[in-house]
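Hi everyone, thanks for coming. Let me put today's model on the screen, and then we'll walk through it together.

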Amino acid sequence: MANPIPQHVAIIMDGNGRWAKRQGLLRVQGHEVGVQRVEEIIKAAQEKGIRYLTLYAFSKENWRRPKDEVEFLMGLLSSYLDKKIDALIKNNCVFNVIGEIEDLPSELQKKLVRAMEVSRSNTGLVVTFALSYSGRREILRACRKIAEKTVEGSLKPANITEDVFSGNLYTAGMPDPELLIRTSGELRVSNFLLWQISYAELYITQKFWPEFTRDEFEKALEDYKKRERRFGDTCAVSGGKT
Ligand code: IPE
Ligand code: IPE
Ligand code: MG
């Protein structure tokens, strides 16, 4: 039997720079076209009835890039919020951010916090942007939170379960992604949602992110439908992980 539509899709949006280079454009122009795909994929996810869409937009490691490119990306995010956030919120989406947002320029932080607050009571697709995000650091942060609770006595070490651990991550309350998409062909997870993707189906396409249109997204969803999800059993396990 085909898998139902995933509840949570996570995407590593990679390949803007290479796409631009191939077109004879500047890397930053690739990022600009990438923003159009973000809009398109959010709409498609909504129409498909996906509940959570988590987009890797800027990693903790991306701060190593040339200053000009980093500044351009911050500006692009800021103008995306200015132009598009109202429509997203009107469309009943919840806007969410994970990562170390204290690293971001303060004006941008304010815009992000406002968007999160204004959309909090919406009931539609939860769109999460991972910004200054590192999976390892998210796990460390959860460990520290848990350690504090055990020291103060509100949590016994024996009661630290997988659910408790998940509840101390940025993604607390969200189901784990059933599908992880990476564009541009790289066969790595680049420090994204390390705990949460333990049993995610991987879909890696050669398409660069600026080429990842709605049709390409639909192909990924079709491919996911056909996967046999065994979770260690000998045959497909219906209804997901136990
Ligand atoms: C993804 O595209 C966007 C970000 C990581 C911000 P890249 O900028 O990584 O593009 P490539 O991988 O160099 O082609
Ligand atoms: C991963 O892409 C991060 C984002 C998509 C935001 P990178 O381009 O930074 O990944 P690596 O460096 O090739 O692993
Ligand atoms: Mg890249």
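Where does E178 lie? E178 sits in the loop that runs between helix 6 (162-166) and strand 5 (179-182); helices (H or I, at least four residues) and strands (E, at least two) are DSSP runs, numbered from the N terminus.

Before going on, a word on the source: this is a predicted model, where local features need pLDDT of at least 70, side-chain atom pairs count only at pLDDT 80 or more, and totals for chains, interfaces and linings use all residues. Residues are numbered from 1 along each chain as its sequence is written, chains are lettered from A and ligands numbered from 1 in the order in which they are written, and side-chain values use heavy atoms, with hydrogens and water left out.

Back to E178, which is buried (under 20% relative accessible area, 1.4 Å probe, protein chains only). Leaving out residues up to four places away in sequence, E178 touches (heavy atoms within 4.5 Å) P6, Q7, H8, A200, E201, Y224 and R229.

Now the whole protein. There are 7 helices and 6 strands, and from the N terminus they run β-α-α-β-α-β-α-β-α-α-β-β-α. Buried residues make up 46% of the 242. Among contacts between residues at least 6 apart in sequence, 75% join residues at least 24 apart. The C-alpha trace spans about 55 × 45 × 35 Å along its principal axes.

Notes. Buried < 20%, exposed > 50% of the residue type's maximum accessible area, 1.4 Å probe, protein only. Lys, Arg positive; Asp, Glu negative; His and termini not counted. Salt bridge = Lys/Arg side-chain N within 4 Å of Asp/Glu carboxyl O.
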